[in-house]
Amino acid sequence: MNQTRRQFLRNAATASALLATGCVSPHGRKTSYTSQIIKPKNRNTVFGWVDAALQQVRDQRATAPLAAYCLSLPLAAGFLAANGVLQAYEEPFGVGPGQRGADPEVAYGVAFASAAAEAFQQPFLFERMGFLERFPGGEAKDLGVRWGRTAARKVLDMRTNDGGEPSEANYYLGRYERRTDSLRWRPTGPFYGARPGPAFPSYDRGLLPGQGRIKPWTMKSGSQFRVPDFHDPKSPEFAEEFDRIRRIGGADSTIRTAEQSEIALFWEDGPWGVTQPGHMLYIAMQVLQDRGLSFIELARALALVGMTQCDASICAWDNKYHHDILRPETAIRMRAPRFGNPDSRVVRQPDWHSFIPTPEFPSYTSGHSTFGAAAAEMIALIHGSDVSFSGRSPDEVLWPQLRGVTRHWRSLSHMAEENGISRIYGGVHWNIDNTQALKAGRAIARQAFHSTFPKKV
């Protein structure tokens with residue numbers, strides 16, 4: 001029997017100390033993400049609530065697809081509540097107009113907190129009290145609180161039975177047909193890690209096979225941007241990919257440069273920090289903070305980034321479990337003789353290990369590349385140009401090698417391409433996983449930007 005989305009989220013969230021206290025670090029503390037990137041003059045309600053949500057992703061050790069889902073709910077609810085008051089943009093979800101005279105900023109915060117409490121199963125009590133204390137008492141505040149709760153409930157009701165049931169967690173349940181040939185995915189385990197850095201425990205099931213069947217926010221379906229078939233394992237193209245990843249992606253590679261190793265670690269974004277979707281929101285806040293966006297424009301911008309990160313997870317996971325392609329480490333260490341490829345470079349190497357930990361789910365396509373391309377394209381569309389910028393890892397503690405490291409990007413698209421290729425340098429993806437995912441991510445963002453929240457005329 002299917003259970004509710006509420007039960008799914010409750011079961012999926014990892015218990016932590018902060019769950020008990022409901023307390024996150026405010027701006028100015030080292031554990032606050034906005035303290036790393038947001039100038040004091042640019043602090044605002046939207047950034048403050050996103051910071052609180054990102055800290056929950058970190059503290060609950062959420063995986064990337066779960067983080068994308070949980071972040072999208074409050075970002076959408078907050079914007080729709082504020083927009084219901086201001087009526088600045090069209091919206092396709094039917095939340096409708098808010099109460100006249102309500103404070104839109106209050107409505108945003110209350111709706112965000114209400115949806116975040118449901119998503120993360122954490123009350124955010126101290127954050128709510130601190131937020132509301134900033135506003136003077138009166139009818140506008142009271143109406144804002146009331147409408148924020150109403151709007152959040154509408155959004156949460158809309159997402160009930162959206163495919164996020166606990167029965168989907170790490171069980172196939174017939175949603176995707178398994179391959180029967182030599183490319184079929186198998187867990188690479190049982191024990192892999194990277195030192196220094198994170199390590200995966202043993203595993204025997206793929207991560208969230210049902211993620212690709214969750215109802216999207218902006219796509220027509222989870223399979224709308226499904227990619228073409230993977231290489232024939234007997235083809236020259238596969239041999240070329242096999243040889244490249246074997247030489248550059250191994251833990252003991254002699255051809256991977258120091259910078260390529262740094263790139264692999266910089267974008268690893270495992271479930272011990274903000275994760276890849278959170279990293280993209282982090283970059284969005286950094287890049288957009290000086291763009292001069294109004295409150296409602298910024299709320300819309302972060303909602304679009306968050307919603308398309310969720311859709312990127314749905315797209316990538318649909319591709320992963322539809323195509324069911326093994327990881328390079330499995331191919332190189334065990335499966336090479338079964339491919340029947342005549343190229344002498346396709347040879348088994350039992351002692352080969354990927355440079356960064358190989359994730360416990362199918363390879364094709366890359367979630368990282370989909371997340372990065374969707375975010376880069378969306379931020380560029382919102383910003384109005386493809387800007388150059390620099391950045392540090394939001395969670396340097398995961399990889400001590402990254403402490404003090406700043407990377408520089410010529411453009412947002414350069415950032416997305418570097419993020420994608422990092423998975424090749426790390427030895428966990430085929431190159432086609434990256435190139436096809438970049439196309440899909442960009443397509444998700446373009447469609448969402450032009451169709452989801454158009455400005456009212």
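**View 1. The chain as a whole, shown for orientation before the close-ups.** The protein chain of this predicted model is built with 16 helices and four strands. Among the contacts in the chain with a separation of 6 or more, 82% are accounted for by residues 24 or more positions apart.

View 2. Cys 70 is found in helix α5, which covers residues 64-86. In sequence, Cys 70 and Gly 306 are 236 residues apart, yet from C-alpha to C-alpha they are 9.4 Å apart in space. A disulfide is a covalent bond between the sulfur atoms of two cysteines, and the count of disulfides for this structure comes to zero. For Cys 310, the nearest cysteine sulfur is that of Cys 70, 9.0 Å away; Cys 310 is therefore in no disulfide, since the pair of sulfur atoms would have to be within 2.5 Å. Cys 310 is buried, with a relative accessible area of 0%, and Cys 315 also counts as buried, at 0% relative accessibility.

**View 3. The crossing of helices α6 and α8.** Two packed helices are described by the angle between their axes and the distance between the axes. For helix α6 (residues 104-120) and helix α8 (residues 139-159), the axes come within 7 Å and cross at roughly 40°, and the crossing is right-handed. On the α6 side the residues that meet α8 are Val 106, Ala 107, Val 110, Ala 111, Ser 114, Ala 115 and Glu 118, and on the α8 side they include Gly 144, Trp 147, Gly 148 and Ala 152. The residues of this contact of α6 with α8 divide into nine nonpolar, three polar and three charged.

**View 4. The packing of helices α14 and α16.** Helix α14 (residues 367-383) packs against helix α16 (residues 431-451) at an angle of about 35°, and their axes are 7 Å apart. The crossing of α14 and α16 is right-handed. Residues of α14 that make the contact include Ala 373, Ala 374, Met 378 and Leu 381, and among those that α16 contributes are Leu 438, Gly 441, Ile 444 and Phe 449. Divided by kind, the residues of the contact of α14 with α16 are 11 nonpolar, four polar and three charged.

**View 5. His 368 and its surroundings.** His 368 has its place in helix α14, where it is buried, because its relative accessible area of 9% is under 20%. If its neighbours within four places in sequence are left aside, His 368 is in contact with Trp 267, Glu 268, Asp 269, Gln 276, Asn 419 and Arg 423.

**View 6. The mostly covered helix α13.** Helix α13 spans residues 328-335, and seven of its eight residues are buried. The buried residues of α13 are Pro 328, Glu 329, Thr 330, Ala 331, Ile 332, Arg 333 and Arg 335.

Terms used. Residues numbered from 1 in each chain as written. Predicted model: local features only at pLDDT ≥ 70, side-chain atom pairs only at ≥ 80, totals over all residues. Heavy atoms only, no water. Axes fitted to C-alpha atoms, helices over the stretch in contact; angles between N-to-C directions. Helix = DSSP H or I, 4+ residues; strand = E, 2+ residues; numbered from the N terminus. Left-handed = near helix turned anticlockwise from the far one by under 90°. Contact = heavy atoms within 4.5 Å. Nonpolar A, V, L, I, M, F, W, Y, C, P; charged D, E, K, R; others polar. Buried < 20%, exposed > 50% of the residue type's maximum accessible area, 1.4 Å probe, protein only.
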